[in-house]
Amino acid sequence: MDAEERDSFREFVATRSSALLRTAVLLSGGDRHAGEDLLQNALVKAAGRWRRIDEPEAYVRRILYRQQVSRWRLKWPRRELAVAEPPEGAAAGDGASAAELRVVLRGALAKLTTRQRTVLVLRYFEDLPEAEVAALLGCSVGTVRSTTHRSLARLRSLAPELARLDGPDPGRRPTSSDFSPMEVRP
């Protein structure tokens with residue numbers, strides 16, 4: 001890598017690393033350290049091919065997704081993430097603040113399987129179409145649809161407090177703005 005490419009890579013890391021870190025943390029179930037490791041590995045891989053990359057952010061995101069998929073395909077048992085249980089249900093009419101929703105959502109996301117969490121992050125946080133998610137994960141569009149459906153159902157059963165995010169029409173498709181309380185600050 002020559003000096004110009006090195007400067008280009010450093011500029012990319014400086015400007016885009018916070019957004020990429022948010023995605024990596026979400027993909028790793030809210031574990032910031034695992035997200036940092038995931039992003040660091042992706043950036044190391046990208047640095048080795050930097051001169052041949054046309055769209056660096058898309059390339060690094062693809063590496064993040066594929067590394068996370070590889071993690072949940074491992075044969076040996078993984079360490080479980082310990083999370084605190086959410087407090088007893090709030091009284092009716094007692095609105096939960098955005099911070100409380102963020103804690104509840106992170107806890108519920110951490111209880112999902114890695115595959116379920118990855119599909120939800122790609123579909124609703126990254127707002128990718130089903131076909132693109134299927135291509136990234138190496139599965140069919142039908143698998144993405146069924147996994148999304150089961151993941152959302154499980155998420156709702158793990159954290160019924162999130163039902164208020166559904167708004168007046170519980171049958172509508174969630175959007176990335178519905179998940180804004182789970183924003184991760186670097």
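**Terms for all views.** Buried means under 20% relative accessible area, exposed means over 50%, and partly exposed lies in between (1.4 Å probe, protein chains only). This is a predicted model, in which local features need pLDDT of at least 70 and side-chain atom pairs count only at pLDDT 80 or more, while totals for chains, interfaces and linings use all residues. Residues are numbered from 1 along each chain as its sequence is written, and side-chain values use heavy atoms, with hydrogens and water left out.

**View A. Glutamate 57 meets arginine 61 in a salt bridge (a side-chain nitrogen of Lys or Arg within 4 Å of a carboxyl oxygen of Asp or Glu).** The N to O distance here is 2.8 Å. Both residues sit in helix α3 (residues 56-72), four residues apart, about one turn of the helix; helices are DSSP runs of H or I, at least four residues, numbered from the N terminus. Glutamate 57 is partly exposed at 22% relative accessible area, whereas arginine 61 is buried at 13%.

**View B. Arginine 145 pairs with glutamate 130 in a salt bridge of 2.8 Å, N to O.** Arginine 145 belongs to helix α7 (residues 141-158) and glutamate 130 to helix α6 (residues 130-137), so the pair ties together parts that are 15 residues apart in sequence. Glutamate 130 is partly exposed, with a relative accessible area of 22%. Elsewhere, salt bridges with shared partners join Arg16, Glu57, Arg61 and Glu126 into one network.

**View C. Arginine 32 and glutamate 36 form a salt bridge at 3.2 Å, N to O.** Helix α2 (residues 32-48) holds the two, four residues apart and separated by about one helical turn. Arginine 32 is partly exposed at 29% relative accessibility, and glutamate 36 is partly exposed at 31%.
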